[in-house]
Amino acid sequence: MQQLITTVLTGLTLGAVYAAFALALVLIWRATRIVNFAQAPMAMITTYIALVLIDAGMSYWVGFAAALVSGLVLGALVERFVIRHLTGKSEINAVILTLGLFIVIHALAALIFGARYRSFPAPFGLRGFQVGDTTIALTGFGVFTILSVVGVMVLLVLLFRGTDVGLRMRASAFNQEMARLLGVRVGRMLTLGWALAAVVGSLSGLLIAGGGLVHPSYMDGVVVYGFVAAVLGGLDSPPGAVAGGVILGLSLSLVSGYVGSELVPLASLVILMAVLLVRPGGLFAQVRERRV
Amino acid sequence: MLTVDDLTASYGPVTALDGVSFEAPRGEITAVLGANGAGKTTLLRTVSGLIRPTRGTARLGEHDLTSVPTERMAELGLAHVPEGRGVITELTVEENLRLGALGRGRRGPADLDRAYALFPILAERRGRSAHVLSGGERQMLVIARALLAAPSVLLLDEPSLGLAPRIVAQIFDLLRSLVESDGLTVLLVEQNARSALSIADRGVVLNLGRVVVRDTAAALAGDDALRHAYLGF
C-alpha cells in the first residue's frame, strides 16, 4: 500500500512536468502545425539564465522570473525570425529547422555555460512530508510543481476562452485566412503563441532542474516523454496535454515501481505506439469534420 | 463605391483575371456572373488582398486595396464572405460572431443581440460549436458575422450554394433591405444567375477572366442571347 502511494505521488509530480512540456508542444502545434523539437534546448538555455542570476547571489525567484521572461522573448524571436520564413514551405523544412535549432542552441549553451553538470537550487524542501511516522514521496517542491502546472493550465484556459486576444489566437490557429479577413493580425498572434509556449517550456525546464543538476543536455530526455504526453492527449488539445502528461507520469511511475526502472523509456514508446494504433487522434480527440 | 480598374491576376502561367474594370456603386448590389472558372472568386479574392494582382487597382474611397494587407481590410470597411468555408467550426457560434465584432469600433453585446434578432436560429445555438450548424445556418452565421464588422462594402461568394430556395430567398431579402436601409455596397458572386439578377441592381458578366458585358440587372436578364451564352438560363 505504501509503495502504491509512493508510486502515485511520484507519478503525479513527474506527470506535472511532462504536462508542462507537452503543453508547450501543443500550443505551438495548434498555432503553426509544427512540432517544436527545439523546445527542450530553448527551455534549457533559459534555465541557465536563471542559474547565472542565482549564482550571482540573486534570489531563486528573480532567476525564476528571468527565465520565464527570457523564454517569452526567445519564443517570439524564434517565431518572428526563423519560423516565419517557413510560411508556405514543405512541412519537412520545419522539422529540419527545429532540429537545427536544437543543435545550435545546445552548442551555444555548451560554449557559454560549459558542458558540465551544475547544481540548481529548489525554492522549497526536497524532503518528503511526514505523515505520522512515515515519510511520503511528496516534497514541498513537488507540491509547487503540481500547483504551478495547474496554475498555468488555468491561466491558459482563461486566456483562450475568456479574452479577445485568446479568441484571436484561436481563430488564427484554426483558420488563418478567415481570421485575416476578419481583421485579426495573424502574424502577431503566431508570435504570441510561440512566446507563450516558450514560457511554458521554460517553466518545465525550471521544474525539472529544481533540486537537481543542469547540463546542456539535461532536458533532452524530457522531449520523448513530453512528446508522448502530447500525442496521448491529442496534439490539438491543451487540457489533453495536461491529462496526457499526468497519465504518462503515473504509468511510467507504476512501471518503474513495480516492473523495473530500466523499462521506463521502453514503456513510454509502447504507450506511444498503442495510442497511435488505437486512437491516433489522442485520448481526447473530438470527432471533427475533415477540412478538404 | 468600389472601383475596379484593369485588374489582372494569374495563378502561375494561367491568367485568371484579365484587365477587369467595373464600378460597384454605393447602396447597390452588383452581381458578378459567369460560368465556373470565369474568374469570379479570383476577383473577390484579389479585391480583399488574398491574391495580389499583377496589374490594375481596386479602389475603396481613397485607398488602393491592392496595396493594403488583408488583415486591414476590415478596418477600411470591407467584409469578404468566402465560399463555403467561412465558418470557423472549432469555435462556438457566439465566438464566431464576437470575432466579427472585434473589427471596427469594437462593437458590444448590443450589436450581438441585433445579429441574434436578425437570425433567431443563431441565438438558439449561440453556445454550441459552429460545427453542428447546417449549411443554411452556417451561411447565416457568416453573413451575420460579416455585418457585425459594420462594413461599407460586402463581398459575398456564392451565398446560395447548396441552400434550399426558401433560405436563399430569405438571405437575399435581408441583403436587399440592408442595402436599402444602410447604403451597403454589395458585390455578389453567384453561379445561379437568375436569382442573383432578381435582387441585383446591376451585373458584370465574366468569361475566362474578361468582362463580357456590364449593364443593369434588368437589361442583362432581358438579353436572351447573353443569357443563353453565359448565364445558363
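In which hand does α10(A) pass α11(A)? The tour starts there, after some notes on the model.

This is a predicted model, in which local features need pLDDT of at least 70, side-chain atom pairs count only at pLDDT 80 or more, and totals for chains, interfaces and linings use all residues. Residues are numbered from 1 along each chain as its sequence is written, while chains are lettered from A and ligands numbered from 1 in the order in which they are written.

**Stop 1: two helices of chain A**

Select residues 238-258 of chain A, which form helix α10, and residues 264-278, which form helix α11. Helices (H or I, at least four residues) and strands (E, at least two) are DSSP runs, numbered from the N terminus. The axes of α10(A) and α11(A) come within 9 Å and cross at roughly 135°, which makes α10(A) oblique to α11(A). Axes are lines fitted to C-alpha atoms, for helices over the stretch in contact, and angles run from 0 to 180 degrees between N-to-C directions. Angles under 35 degrees count as roughly parallel, over 145 as roughly antiparallel, 65 to 115 as roughly perpendicular and the rest as oblique.

α10(A) passes α11(A) in a right-handed crossing. A crossing is right-handed if the near helix is turned clockwise from the far one by less than a right angle, and left-handed if anticlockwise.

Now show side chains. Leu248(A), Ser251(A), Leu252(A), Val255(A) and Ser256(A) in α10(A) meet Val264(A), Ala267(A), Ser268(A) and Ile271(A) in α11(A). Residues are in contact if their C-beta atoms, placed from the backbone, lie within 7 Å. This contact has six nonpolar, three polar and no charged residues. Ala, Val, Leu, Ile, Met, Phe, Trp, Tyr, Cys and Pro count as nonpolar, Asp, Glu, Lys and Arg as charged, and the others, Gly among them, as polar.

**Stop 2**

**Stop 3**

Move to chain B, where an open sheet of four strands has the order β2-β1-β4-β5, with antiparallel pairing. Two strands pair if DSSP finds at least two bridges between them. β2 (14-24) and β5 (63-64) stand at the edges, each with a single partner strand, so one side of each lacks a neighbour in the sheet. Two bridges join β4(B), residues 55-60, to β5(B); select Arg59(B) and its bridge partner Asp64(B).

Methods
Two residues are in contact if their C-beta atoms, placed from the backbone, lie within 7 Å.
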